[in-house]
Amino acid sequence: MSTILPIFKREFRSYFRSPIAYIFISAFLIVSGWFFYQTFFVLDYASMRNYFDILPWLFLIFVPMITMRLWAEERKLGTMEVLMTLPVRDHEAVLGKYLASLAFLAIALLLTVPIPITAMLLGDPDVGSMVAGYIGALFMGAAYLAMGIFVSSLTQNQIVAAIVGWVVCFILFFIGNDLVLFSAPKVLVPLFEYLGLGNHFDSIGRGVLDSRDMIYYLSVIVFFLFLNVRVIESRKG
Amino acid sequence: MIQVSNLTKRFGPTVAVRDVSFNVQRGEVVGFLGPNGAGKTTTMRVLTCYLPADEGTATIAGFDVGTHPLEVRSRIGYLPESAPLYTEMGVIDYLNFIGEVRGLDRQRCRQRVQDMIGVCGLEEVVKKDINELSRGYRQRVGLAQTLIHDPDVLILDEPTSGLDPNQIIEIRQLIREIGREKTVILSTHILPEVTATCSRVIIINKGGLVADASPQELAERSRGRERVYLTVRGPQAEVEAKLAALSAVRSVRAVGNPTPGRVRYEITSADGVDPTEQLFQVAADNRWPLSELYREASSLEQVFIQLTQSEPQSEPVAAS
């Protein structure tokens, strides 16, 4: 277990060694802030609801870009051969990298703190809802990250990892959307409705942390991390 | 220290390593020699628990690579081909990372990193990022990484590939020093490297083991088939026929016209015989002006070419 920490540290620091991290975080903050403030003043209501509503879409776009290099770069550089011949278990390597990406996302979310502060300065928002919203956002982001890191393990090309990551995240997000449910065969509708990532964020956006939604996100995370470990195990041979 | 037994590894229909067996004792420095694609890297990847074997077993320091990969990996240092490194990291950061992952506590890690910087000659580049380093220094960082935890066994895949002649000499010197106390397997297709650093040579070709002996023993065993180069002026057909008829000659081949009128012949001698006197005699008897008579000393290169260009033999050349 003790190998997870050095791997986590290395990967996490690695994000900040390149200018991409800073560009990325800036872009995320600017874009999310811009969309939020578009409606915030018009609505004249101190709540972060609109922010959390756009977050699933924003994560969809940004998260695969966070995860694209996690395994693809190891393959490309050839360092996978070094990493996987160190006394490290496969799942430790996966967890170390995953947690690093999660920490990175957490930092990005943390930096949006001017938004709730603005809401609190201008009005009287429900702080509990906002906190719940952030927690839920982190869980949702964590689910996207798990999908993204899995996709990254399938290729050595970061761009491919990003694009396929977008597709996979989009499919899982969109599968519960009304448009899909409307045209899907009747018998599959409840299944699709449950699988839809976006659906599980509805309550969270309102500030309600439903344990069913948390379980859903945790299941997605565990599932994709498990797949990731299998891919790493098998790709060697 | 290392025992490999009937190792076989396939990639789909291709058999990369076929029924390879060898042992390496503690303290030996063994050279893995073979043309590109022979199976050297694949064998090493099985030894380092990176790839699973399809058949056969391998144990390092008593641990089976299939059932105890973590124990094996913590006892070996591995440098893959082209020394892959995390290029965005600094030299010290990278070595610290490897030390930490290998379970060294902070103090010991720091000490070992400093030691390795000294041993591998990295003093001048200590503060740099890895992507700023030349190939030679990257190789040294790679080597330092294999030694951080002071393993008993080192597995080096083409440690001098891509280096300039000066760097090659330095790395070989380093390997020789390291090899004094540790068990080392290094792979290469550069023959002088093997004679410079190794006490034993294992030659692999097309996945199969074709030789396992010391460089001197291999050279001796090939002594039977020497090559002699003869350049004379004379009617080519007649010259070839008369040369081929000599008892000391196994085969004759014309290989060029160094100057108009003169023909150079490559002569392979019969086993264990030196044909130079017979060649001189036949040239003198027929009054062919002789301008070159050169005997190529049998060398590892010849052994290598002989063993790797012919079909895999059923009995590999082994140390007696």
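1. Among contacts in chain B between residues at least 6 apart in sequence, what percentage join residues at least 24 apart? The figure is 68%, where two residues are in contact if their C-beta atoms, placed from the backbone, lie within 7 Å.

2. A word on conventions. This is a predicted model, in which local features need pLDDT of at least 70 and side-chain atom pairs count only at pLDDT 80 or more, while totals for chains, interfaces and linings use all residues. Residues are numbered from 1 along each chain as its sequence is written, and chains are lettered from A and ligands numbered from 1 in the order in which they are written.

3. Chain B contains 11 helices and 15 strands (DSSP runs numbered from the N terminus: H or I of at least four residues for helices, E of at least two for strands). Its C-alpha trace spans about 80 × 45 × 35 Å along the principal axes. Of the 320 residues in chain B, 43% are buried, that is, with 20 or more other C-beta atoms, placed from the backbone, within 10 Å of their own.

4. Chain B is divided into domain 1 (2-215) and domain 2 (227-297), with bounds from an automatic or database domain assignment. The C-alpha centres of these two domains of chain B lie 46 Å apart.

5. On to the interface: 21 residues of chain B are in contact with 20 residues of chain A. On the chain B side, α2 (69-75) and α3 (91-101) each supply at least two residues. That side divides into 12 nonpolar, 5 polar and 4 charged residues (nonpolar: Ala, Val, Leu, Ile, Met, Phe, Trp, Tyr, Cys and Pro; charged: Asp, Glu, Lys and Arg; polar: the others, Gly among them).

6. Within chain A, the axes of helix α3 (residues 49-77) and helix α7 (residues 127-152) come within 8 Å and cross at roughly 35°; axes are lines fitted to C-alpha atoms over the stretch in contact, with angles from 0 to 180 degrees between N-to-C directions. The contact of α3(A) with α7(A) has 17 nonpolar, 5 polar and no charged residues.

Key: A residue is buried if 20 or more other C-beta atoms lie within 10 Å of its own, exposed if 12 or fewer, and partly exposed in between; C-beta atoms are placed from the backbone.
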